[in-house]
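Open the model in your viewer and keep the selection tool ready. We will go stop by stop.

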Amino acid sequence: MSSHPITRFAPSPTGFLHIGGARTALFNWLYARGRGGKMLLRIEDTDRQRSTDAAIAAILDGLSWLGLDWDGEPISQFARMDRHAEVAWQLVESGHAYRCYASQEELAEMRETARAEGRPPRYDGRWRDRDPSEAPEGIKPVIRIKAPQDGETVIEDHVQGRVTFPNRDLDDFIILRSDGTPTYMLAVVVDDHDMGVTHVIRGDDHLTNAARQGIIYEALGWQVPQWAHIPLIHGPDGAKLSKRHGALGVEAYRAMGYLPEALRNYLARLGWGHGDEEIFSSEQATEWFDLDAIGKGAARFDFVKLQNLNGHYIRQADDERLVADMLKILPEMETPPAFPAELSAAQRSQLMQLMPGLKERAKTLVELANNAAFLFAARPLTLDTKAAGLLDDDARRRLGLLRDALSHCAWETDPLEEAVRNLAESEGVKLGKLAQPLRAALTGSTSSPGIFDVMLALGRDETLARIGDQASAA
C-alpha cells in the first residue's frame, strides 16, 4: 500500500451535497492533503432513475465552494458497469461466487419461514453447491458471493476499533443482478481497488457493508483498504439530524450567508478535535487531522455555534471580499434586502466605507446585507418598531435643531461630533438622548456602525434630508 494515502469521496447524485456528506468529504480531504496523498471523487450514479445531471453539478459546485478540491477527473460508477460484471464472472470462475436461480416466490417463502422461526431473513444457500445444469429454463440467474458460513469477519477500524461480525449473519449476498447490473457491494469494491484507494473514510452506517465488502476483497485476493467509519451527525437535541437541525444542502448554507472557511472549520470540529482548539485554519487542520482522533459518539450540530464562528471569520475577512460575496448571494437570499440592481462606484464606495463597522455586528452575510440596506433605502425611511419608539415629540424637535446645526458644519468627524455634543449640552440631555434618535432617523433602526461613520458615508445632502424627514413628521 502506498505511503501516500489515497482517499475518495463517493456521493450519490440523487440530491444536493448535504451537510453530512460535506463533512465526509472534508475528512477525506484533510487526511489526504495532510499526508501528501490524493482525494479522488467518484459519482455513484448507478441508480439511473434518481441520478440527475443537476445533482452532479450541485455536488461539484458545493465541493468547489467549500474549497475541497479533488485530484483528477470525477469518475462515473455507471460508466464502469462492464468492469464490475467482469469481476463478478471472474469470481464465479474461481469458485468464490455462483449462479442462483431462486425465484421471487422462493425468496419470499424463505423470508416468511425465517420470521416464523424467529430468525433474521437470510438466503438459505440452496444454489450454493448445485450444478447449473439443474437450472430451470427461462430464468436469468443472479450471481451471489460464497460467504464464509462459520467463524467471524473482523473489521479493524480507525474510529470504531475492532468490530466482529458472525459470518452466519452475512449470508450469500448478491453481487450481480439478473439483468447484468452490479450491486453496490461489488461496484464499490471494484472501484476502490481500481482507483488505488488506501483509506475508506465514510459514515458508520456503512460499517456492516465493510464486513461484506471485506469478503469480496478476500475472495479476489486484493488488499483490503484501511477503514474509518465516522459517527453520523445529530441535532443539538441528540435526535437524528433533520432539516430543522441543519440537514440542508451546502448551497443553503451559502444562501444563508456562511463563509466556506467558517463552515470548514465548524465541520472539522464535528466529531474531531485537536486539544481545546476551536478556531483554526485549513492549513492547521490538515497538519493536525488524524483518523484516530475522531470520536465514536455522534456529533451534535449547533447553529448557534456555527453562527458565532462565522461571525469571527466575517470580522477577520477582507472588506472587498465581503462586499463581493454579499452581493453574489443576494439573489439566493430568502428575503433579500432592497439593494440597487447594480451598485454604482459611489454606492460601492459608501458600502466599503462602512464595512469595518458593519462586519462587527454581523454573524452572516445575510445579516451584513440587511444591516447595510439602509444606505440605499428610499426616503422617507421605514422605521422598525424600536426606532419609531425613540422618535417622540421631544426627539423630533431636537432633530430639527440638529439639522440646522449640522448644515453649517464641515463634513468631517470632529466638527460633526462637536455639533452633536454641543446641542446635547445646550438641551441638558446626555449624548445618547440625541445620538439614538439620530441613528433611528438615518438608518431606520437602533443598531448601526458608529453614527458619525454613517453620516460620512451618507454624505451631507442625504444625511440632512433624512434628519429633516423625521423632524418634519412631528
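Strands here are DSSP runs of E, at least two residues long, and helices are runs of H or I, at least four long, both numbered from the N terminus.

A note before moving on: this is a predicted model, where local features need pLDDT of at least 70, side-chain atom pairs count only at pLDDT 80 or more, and totals for chains, interfaces and linings use all residues. Residues are numbered from 1 along each chain as its sequence is written, and side-chain values use heavy atoms, with hydrogens and water left out.

Now select residues 38–43, strand E2. E2 pairs with E3 in the parallel sense over two bridges. Two strands count as paired if DSSP finds at least two bridges between them.

**The hairpin**

Next, select 152–157 and 161–166. These are strands E6 and E7, paired in the antiparallel sense over six bridges. A hairpin of three residues joins E6 to E7. Click on Glu156: Arg162 in E7 stands opposite.

**Asp172**

Where is Asp172? Look in the loop between E7 and strand E8 (174–176). Is Asp172 buried or exposed? Asp172 counts as buried because its relative accessibility is 5%; buried means under 20% relative accessible area, exposed over 50%, and partly exposed in between (1.4 Å probe, protein chains only).

Show the side chains of Tyr98 and Arg128. The Asp172 side chain makes a polar contact with that of Tyr98 at 2.7 Å, and another joins it to the side chain of Arg128 at 2.9 Å. A polar contact is a pair of N or O atoms within 3.5 Å; within protein, one must be able to donate a hydrogen and the other to accept it, and residues adjacent in sequence count only if both atoms are side-chain atoms.

**The cysteines**

Select Cys100, which counts as buried at 2% relative accessibility. Then try Cys409, also buried, at 12%. The structure holds zero disulfides (pairs of cysteine sulfur atoms within 2.5 Å).
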